[in-house]
Amino acid sequence: MRWRYDATEGVLRVHVAPVIWTTDDGWTAQAPSGVETIEGFWIARPWTSSEACPPSIVQAAAAATVEVAAQTLAIAQFFTAGAARQGRRDGQPFETSRKVEPDAFDASQGFRLRLTGRIGGIASGGPALCRQPEGANLQPVCVIAVSIEEVAIENATGQTLNVWNLDRRGQ
């Protein structure tokens, strides 16, 4: 997610692009046969239940630093060949613009991406695929299969800036 605020015009622009995993990423090799593409989002800090951005703290490097994957948990939709194209973004970002007066603009707590839907299943069993690219002794990198019905961008107070309906059931 990235955003830009133009104080002169009083316009906030927010841009959220879904990730498209390819065969180079390793997920499609683990996915059940027939999966054409996987689209979703990395969860920035899956270890916390707070929706707010943490304060920026710079700490001195520890003597022994363990390298871990930058991204460890994603949620994604698995699209199969020949299935309906509805709900698929093909890399198209979610973008919104909104007039916000300079004195009312506060991005100190960032913005949220709210996804509404269901956890799905993967033909190979269970709702998740995991791999351990750094070895069995370090945390895995996982993707959870979901069916996203709605995507929304909110500010830190919970005010909705925009909503997209991706419901594939046609309702």
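His 15 counts as buried because its relative accessibility is 14%, where buried means under 20% relative accessible area, exposed over 50%, and partly exposed in between (1.4 Å probe, protein chains only). The residue is found in strand S2 (residues 11-16); helices (H or I, at least four residues) and strands (E, at least two) are DSSP runs, numbered from the N terminus.

The side chain of His 15 makes a polar contact with the side chain of Glu 95, at 2.8 Å. Such a contact is a pair of N or O atoms within 3.5 Å; within protein, one must be able to donate a hydrogen and the other to accept it, and residues adjacent in sequence count only if both atoms are side-chain atoms. Not counting residues up to four places away in sequence, His 15 touches Met 1, Arg 2, Pro 93, Phe 94 and Glu 95, with contact meaning heavy atoms within 4.5 Å.

## About the model

This is a predicted model, in which local features need pLDDT of at least 70 and side-chain atom pairs count only at pLDDT 80 or more, while totals for chains, interfaces and linings use all residues. Residues are numbered from 1 along each chain as its sequence is written, and side-chain values use heavy atoms, with hydrogens and water left out.

## The overall fold

The protein chain has one helix and ten strands, in the order β-β-β-α-β-β-β-β-β-β-β along the sequence. Of its 171 residues, 32% are buried. Among contacts with a separation of 6 or more, 69% are between residues 24 or more positions apart.

## Strand S5 and its partners

Strand S5 (residues 73-80) is largely enclosed by the rest of the structure, because six of its eight residues are buried. Strand S4 (residues 35-42) runs antiparallel to S5 and is joined to it by seven bridges; two strands pair if DSSP finds at least two bridges between them. Trp 42 has Ala 74 in S5 as its bridge partner.

S5 also pairs with strand S9 (residues 141-155), in the parallel sense and over four bridges. Here Ile 75 has Ile 144 in S9 as its bridge partner.

## Two nonpolar cores

Which residues touch the most other members of the largest nonpolar core? They are Leu 12 and Phe 94, in a core of 17 residues. A nonpolar core is a set of buried Ala, Val, Leu, Ile, Met, Phe, Trp, Tyr and Cys residues joined through side-chain atoms within 4.5 Å. S2, S9 and strand S10 (160-165) are the elements that give two or more residues to this core, and S9 gives the most, with four.

Another core, of ten residues, lies apart from it, and includes Trp 21, Ile 38, Ala 74 and Ala 76.

## Aromatic pairs

The structure holds six aromatic pairs. Rings of Phe, Tyr and Trp (its six-membered ring) pair if their centres lie within 6.5 Å; planes under 30 degrees apart count as stacked, over 60 as edge-to-face and the rest as tilted. Trp 21 and Trp 42 form an edge-to-face pair, 5.6 Å centre to centre with 75° between the planes. Trp 21 lies in strand S3 (residues 19-21) and Trp 42 in strand S4, so their pair ties together parts 21 residues apart in sequence. Trp 21 is buried, with a relative accessible area of 4%, whereas Trp 42 is partly exposed at 27%.

Phe 41 and Phe 94 form a tilted pair, 6.3 Å centre to centre with 40° between the planes. Both Phe 41 and Phe 94 are buried.
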